[in-house]
Amino acid sequence: MRDITVFSGSAHPGLAEEICAHLGTPLHPVKVDRFANDVIEVQLQANCRERDVFLIQPLVPPTQENLVELLLMLDAARGASAARTTVVLPHYAYARSDKKDAPRISIGGRLVADLMVAAGASRVLAMTLHSPQVHGFFSVPVDHLHALRELAAHFNRYDLSNTVVVSPDLGNAKEAAHFARLLGTGVAMGAKQRFADDRVVISSVIGDVAGKDVIILDDEIAKGSTVIELLDRLRELGVRSVRIACTHGLFADGAVERLGALPEVEEIVCTNTVPSPKPSDKLTVLSIAPALAEAMRRIHYGESVSALFATP
């Protein structure tokens, strides 16, 4: 591909290499130095002048380190006279900070979006933002992809005649309904209240799940508290089996092991938007590199990205 230059930060170089393999273009190196006073310096080690530059960097732990690295990469690309700089953001950790739900609280999703634009982002390519309003936090164009097609292709290999898709909460109900349409199944949802980052209560499940094979769909799983609470309600309602699906498999603090140890959980499926956790017999990781590569190709050539959402 002509006049395209791709760089990766330190967050997930394996995904960046896979994307570049699909694009047929090299992944150019980035030199990151740390001075004695703990300051980071970034140097892009390829020509950017009048190029279409793509910077691949999910915001994953250490999140603040990776964010600063991304901002410095943006500044370096702007200083090197890049024609356009697109941030490829497979996971936007600050998207969960999307509203003022307590007094004197910051809205990190909007602030960090402003920081990226101020540092030189011309465009953002994101994957499954936590909520729709986060798209509007950016003052530059955003192409917002989802991984439902990849997840649906995986689950369509099974017998889904007795299956229902369950969303843990009402906020994810629209995505769950879309996913259910791709699978040709019914949909149900939990009535959730969150009291702390790791304490949630699901009082009931809306929809028919008794005797069903359930696919729990969420946008991300960190500690797994919500899914474990939902599993308690589903167990009480007499579901037959459970599979768990999410886009961002963060799986902090041994979440895969805790979920996999539950006898009714047959499979845990996520994508590689973030670095994969330790392998597990019940864990399946799907690649979203082809989708991101195709979106980057379409952005570069001025083609429609929305066509990627057409029903397969």
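**Sheet and rings**

Tutor: Six strands make up an open sheet with parallel pairing, in the order β2-β1-β5-β6-β7-β8. Its edge strands, each pairing on one side only, are β2 (27–28) and β8 (142–145). Strands here are DSSP E runs of at least two residues, helices are H or I runs of at least four, and both are numbered from the N terminus. Two strands pair if DSSP finds at least two bridges between them.

Student: Before we go on, what kind of model is this?

Tutor: It's a predicted model, where local features need pLDDT of at least 70, side-chain atom pairs count only at pLDDT 80 or more, and totals for chains, interfaces and linings use all residues. Residues are numbered from 1 along each chain as its sequence is written, and side-chain values use heavy atoms, with hydrogens and water left out.

Student: OK, how many bridges do β6 and β7 share?

Tutor: Four, in the parallel sense, with β7 spanning residues 123–127. T86 has R123 in β7 as its bridge partner.

Student: Rings next. How many aromatic pairs are there?

Tutor: The count is three. Rings of Phe, Tyr and Trp (its six-membered ring) pair if their centres lie within 6.5 Å; planes under 30 degrees apart are stacked, over 60 edge-to-face, and the rest tilted. F155 and Y158 have ring centres 6.2 Å apart and planes at 55°, so that pair is tilted. F155 and F179 are edge-to-face, with 6.2 Å centre to centre and 80° between the planes.

Student: Which helices hold F155 and F179?

Tutor: F155 is in α4 (residues 148–155) and F179 in α5 (residues 173–183), so the pair ties together parts 24 residues apart in sequence. F155, Y158 and F179 form one aromatic cluster.

Student: Is F155 buried or exposed?

Tutor: Buried, at 0% relative accessibility. F179 is also buried at 0%, while Y158 is partly exposed at 27%. The cut-offs are under 20% relative accessible area for buried, over 50% for exposed, and partly exposed in between (1.4 Å probe, protein chains only).

Student: What sits over the face of Y158?

Tutor: R243 does, at 4.0 Å from the ring centre, and R157 does at 5.9 Å. The rule wants NZ of Lys or CZ of Arg within 6 Å of the ring centre and within 35 degrees of the ring normal.

Student: Switching to the backbone, where's the cis peptide bond?

Tutor: From P61 to P62, with omega near -5°. P62 is in the loop between β5 (52–56) and α2 (63–79).
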